[in-house]
Amino acid sequence: MTGWNLFGVLTVIVTLFALTAFAIAPNEVESLQYAIRATARTSFILFLTVFLATSFARLVPSALTRALVRERRYIGLSFAASQFLHAVALIIYIRTAPDSFWVGRTPATNIPGSIGYLMILLLTVTSFAMPARLVGPANWRRLHLAGVWIFAVIFAASFLTRVHQHAGYLVPGMIMVVAMLLRMAERFEG
Ligand code: HEM
């Protein structure tokens, strides 16, 4: 499975996952919270796959890891679709239960996520040929490199700042930190 077919299948899986999370929660507010968490987690898996695709292919060369590198664009677009659902669930949540949403949050705590969404928009648009040509290859590389590192930091911070709620958040948080160190080490190697 490749290209837009892969994008379609991944997006259907993400949507089903979000709907299941929504359906199993005990009440309306928790349904929206479950859906927000579910879409954050599917986004994380898709993002990590793209972030580490080249490293995997170098460390464990195989047909699968080469396919991950080849299909990075479509997996990346599925990440954008998953984040779109995170935003949809968030908007409904903010309208349905504003008091619950703002517990422990200030407008300032929404700044990293908003920058994240701006980057998702820019990376999605420039993943198509015409906008990519307008931006030029050097700026395209800078933009996409900045984008993936911003997402990596947001994921690491989102998980690690929830460790006090549940120690299990340490697992995805540390996975993200180790993945970042791996990418940095590769850059350092040259
Ligand atoms: C302004 C934009 C954003 C807002 C307001 C926002 C809001 C939220 C909220 C309220 C939750 C907690 C849901 C709950 O546990 O009840 C959440 C979870 C999360 N969000 Fe977002 N988010 C935004 C953007 C992003 C972006 C851009 C990313 C990733 C690139 C992201 C990744 C996460 C992660 C990893 C979690 C934790 C999920 C879990 O509990 O496992 N968020 N977000």
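L123 sits in helix α6, which covers residues 111-125; helices here are DSSP runs of H or I with at least four residues, strands are E runs of at least two, and both are numbered from the N terminus. The model is predicted, so to read it well, note that local features need pLDDT of at least 70, that side-chain atom pairs count only at pLDDT 80 or more, and that totals for chains, interfaces and linings use all residues. Residues are numbered from 1 along each chain as its sequence is written, and side-chain values use heavy atoms, with hydrogens and water left out.

**L123 and its surroundings**

- L123 has a relative accessible area of 11%, which means that this leucine is buried (buried is under 20% relative accessible area, exposed is over 50%, and partly exposed is in between, with a 1.4 Å probe and protein chains only).
- Leaving aside residues up to four places away in sequence, L123 touches L143, H144, G147, V148 and F151, where a contact means heavy atoms within 4.5 Å.
- Between L123 and T96 there are 27 residues in sequence and 30 Å in space, C-alpha to C-alpha.

**The iron site**

- Which protein residue donates to the iron atom of the ligand? H86 is the only protein donor, through NE2 at 2.3 Å.
- Donors are N, O and S atoms within 2.8 Å of the metal (3.2 Å for Na, K and Ca), and water is not among the atoms, so sites may look incomplete.
- H86 belongs to helix α4, which runs over residues 72-96.

**Helix α9: L182 and E186**

- Helix α9 spans residues 170-189 and holds L182; E186 lies in helix α9 too.
- Is L182 buried or partly exposed? Its relative accessibility is 31%, so L182 counts as partly exposed.
- E186, in contrast, is buried, because its relative accessible area is 18%.
- Not counting residues up to four places away in sequence, L182 touches L52, S55 and L59, while E186 touches S55 and R58.
- L182 and L52 are 130 residues apart in sequence, yet their C-alpha atoms are 8.6 Å apart in space.

**Helix α1: N5**

- N5 is part of helix α1, residues 3-24.
- With a relative accessible area of 57%, N5 is exposed.

**The chain as a whole**

- How many helices and strands does the protein chain have? There are nine helices and zero strands, and the pattern along the sequence reads α-α-α-α-α-α-α-α-α.
- The C-alpha trace spans about 50 × 35 × 30 Å along its principal axes.
- Of the 190 residues, 37% count as buried.
- Among contacts with a separation of 6 or more, 69% come from residues 24 or more positions apart.

**Surface and charge**

- The accessible surface of the protein chain is about 11,300 Å², and 72% of that belongs to carbon and sulfur atoms (areas come from the Shrake-Rupley method with a 1.4 Å probe; for residues, only the protein chains shown count as cover).
- There are 15 positive and 6 negative side chains, and the centres of the two sets lie 12 Å apart.
- Lys and Arg count as positive and Asp and Glu as negative, while His and the chain ends are not counted; each charge is placed at NZ of Lys, CZ of Arg, CG of Asp or CD of Glu.
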